Amino acid sequence: MTDPLPTPGEQREARRSRLQMIIIIAAVLLGGAIGGSLAVSTPGDGSFLEAASWPPLLSIALAVVALIVVPLLMLSATRTADELEYAHQAWGMQAGGFALLCGYPAWFALWKGGFVPEPAHGAIYAGYFVLTIIAYLYHRFR
């Protein structure tokens, strides 16, 4: 006996799942390309040191990605998520945002008071994403 044909709802769900996987893969590849470009552009000292300069073309490309590509990926990801997936994403972003909004001002204030070194802005920015991913995974698979 053969399986019945998928219903229109099942077909829509399959398309949504495929598109969501394409978006995730595109975002990972984009992040890898950016990270690889930064690693190659300033070998040795590190790309995020204040004194390090980036090639002009790389800087323009990163600005375009930050202002155009990332918002498009985020809009696509939001539109392809169902209610439960959207709740997981929102929970992760709220947890990362909470840590960022509490951690950075505290570190900045302690730095201004002479207690800690200057905030590592790149580390704080990356930490937001790491905490967001951890919180998302926790909320999704708990």
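User: What makes Glu 13 partly exposed?

Analyst: Glu 13 has a relative accessible area of 36%. Buried means under 20%, exposed means over 50%, and partly exposed is in between (1.4 Å probe, protein chains only). The 36% of Glu 13 falls in the middle range, so the label is partly exposed. Before we go on, note that this is a predicted model, where local features need pLDDT of at least 70 and side-chain atom pairs count only at pLDDT 80 or more, while totals for chains, interfaces and linings use all residues. Residues are numbered from 1 along each chain as its sequence is written, and side-chain values use heavy atoms, leaving out hydrogens and water.

User: How do you know that Glu 13 and Arg 16 form a salt bridge?

Analyst: A salt bridge needs a side-chain nitrogen of Lys or Arg within 4 Å of a carboxyl oxygen of Asp or Glu. Here the N to O distance is 2.6 Å, so the pair passes the test. Both residues sit in helix H1 (residues 8–41), three residues apart, about one turn of the helix. Helices are DSSP runs (H or I) of at least four residues, strands (E) of at least two, and both are numbered from the N terminus.

User: Is Arg 16 buried or exposed, and why?

Analyst: Buried, because its relative accessibility of 19% is below the cut-off.

User: How many salt bridges does the whole structure have?

Analyst: The search finds two. The other one joins Arg 140 and Glu 85, with 3.8 Å from N to O, so this pair is also within the limit. It links distant parts of the chain, as Arg 140 is in helix H4 (residues 121–141) and Glu 85 is in helix H3 (residues 83–112), 55 residues apart.

User: Which residues does Thr 132 touch?

Analyst: Thr 132 lies in helix H4, and its 11% relative accessibility makes it buried. Leaving aside neighbours within four places in sequence, Thr 132 is in contact (heavy atoms within 4.5 Å) with Gly 92, Met 93 and Gly 96.

User: Which residues make the nonpolar surface patch, and what makes it a patch?

Analyst: Ile 60, Val 64, Leu 67, Ile 68, Leu 72 and Leu 75 make a patch of about 610 Å². Patch residues have over 30% relative accessible area and no salt bridge; like charges are joined within 9 Å, and nonpolar side chains (Val, Leu, Ile, Met, Phe, Trp, Tyr) within 5 Å. Leu 75, in helix H2 (residues 56–80), has 53%, so it passes the area cut-off and is exposed.

User: What lines the largest pocket?

Analyst: The largest pocket has a volume of about 1,900 Å³. Of its 41 lining residues, the closest to the centre are Ala 27, Val 70, Met 74, Phe 129 and Ile 133. A pocket is an open set of points on a 1 Å grid over the protein atoms alone, where a 1.4 Å probe fits, with protein on both sides within 12 Å along at least five of seven lines; lining residues have an atom within 4 Å of a point. The volume is the space filled by probe spheres set on the points, which are joined across faces, edges and corners. H1 gives the most to the lining, with 13 residues.

Technical notes
Areas by Shrake-Rupley, 256 points an atom, 1.4 Å probe, with all protein chains shown as cover.
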